[in-house]
Amino acid sequence: MNAVQKRIEELHRYAPEPTAPVDLEAFWSRTLADVLDKPVQAQRTRQETPFPYMDTYDVTYQGFADTPIKGWYLLPKFPVREKLPCVVLFHGYTGGRGYPEQYASWLLMGMAVFAVDIRGQGGETGNRLANTYGMTRGWITQGILDKETCYYKAIGVDALQAVEWVTAQPEVDPGRIVVAGDSQGGGLSLLVSALSDKPALSIANIPNMCHMDFGILNSVSSLSEAAEFVSRFPEHLDKVMETLSYFDIMNLAERISIPVLVSVGLKDTVCLPETVFAAYNRIRSTKEIGVHPFTGHATGGYQNRRTVEFIRKHLSF
């Protein structure tokens, strides 16, 4: 066994103790009841683009804390005989929904697309979440001392509502919903897969929001914002760790019951391999992981092709 094989084998055995709080189930039961209590309020408006084979709609739906969330709802403009499978896409940290044409590969598969902004980041969506305490750079520490009003809860609810909205669209087959994303988007895909019964399939490339107690110690990206907050306010360490635990995929992974495709780079210093495997190893449903020994925080053509094959295999189209 060479060093690469040994490292991968060790990661497949990696099983840190979960950090789930005692009221994790009660918290999410209350939250989901609030999300599902009423239909998602949304508007979709047709947009002209230079691309003749794409129907494009600008969507605004009501997210957590009365925040309007923007998204692109896209349909392939060629004859179809049935309702379409749909992929709901969540972007990486600091990104945005971008331009509609960047999702053309999904349309070429014959899928509808709903690509949504994550509030307050690099897209067209603002953030009306109240802030009752100081925060460090970025968005992660907004409300981090209260699980009920923190940023992670806001983006989690926004993601759940995106899936609720798209499932009700007349062009979409509600039994063939895929949630997908990279990094932050991969974490949200797994979160939604654990909490919603709407998705049929989950794609989580280099996912964030996993084993966050390890991440806050070692990650060089978004969780370093939480580390900076605790460095400034050391008296709040326990509260910060408690809040993160409600949104940690490691603690929610056993709830996932649909097929999942994950990817990981063994040189990733953002979403470290230990964090990804800590969550992946706890998933009990059908699952696959693409391990890339010499890749950092990125995905490439090989994993993208594997994603297409995984979707076609499990959704039968």
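I'll start with helix α10, residues 273–280, where F277 and Y280 sit three residues apart, about one turn of the helix. Keep in mind that this is a predicted model. As background, an α-helix has 3.6 residues a turn, so residues three or four places apart point the same way. In our case, F277 and Y280 are both buried.

Now the rings. The aromatic pairs come to 14 in total. For F277 and Y280, the ring centres are 6.2 Å apart and the planes stand at 80°; edge-to-face pairs are those over 60 degrees, so this pair is edge-to-face. There is also an aromatic cluster, made up of F27, W28, Y152, Y246 and F247.

Helix α2 covers residues 24–36 and helix α4 covers residues 151–167; their axes come within 10 Å and cross at roughly 45°. The two helices are therefore oblique to each other. The crossing of α2 over α4 is right-handed.

Last, helix α7, residues 223–232. Its buried residues are L223, S224, E225, A226, F229 and V230. What do the buried residues of α7 pack against? They pack against α4 again, and also against α6, residues 212–218, and α8, residues 237–245.

Conventions. Residues numbered from 1 in each chain as written. Predicted model: local features only at pLDDT ≥ 70, side-chain atom pairs only at ≥ 80, totals over all residues. Heavy atoms only, no water. Axes fitted to C-alpha atoms, helices over the stretch in contact; angles between N-to-C directions. Helix = DSSP H or I, 4+ residues; strand = E, 2+ residues; numbered from the N terminus. Parallel < 35°, antiparallel > 145°, perpendicular 65-115°, else oblique. Left-handed = near helix turned anticlockwise from the far one by under 90°. Buried < 20%, exposed > 50% of the residue type's maximum accessible area, 1.4 Å probe, protein only. Contact = heavy atoms within 4.5 Å. Phe/Tyr/Trp six-rings, centres within 6.5 Å; stacked < 30°, edge-to-face > 60°.
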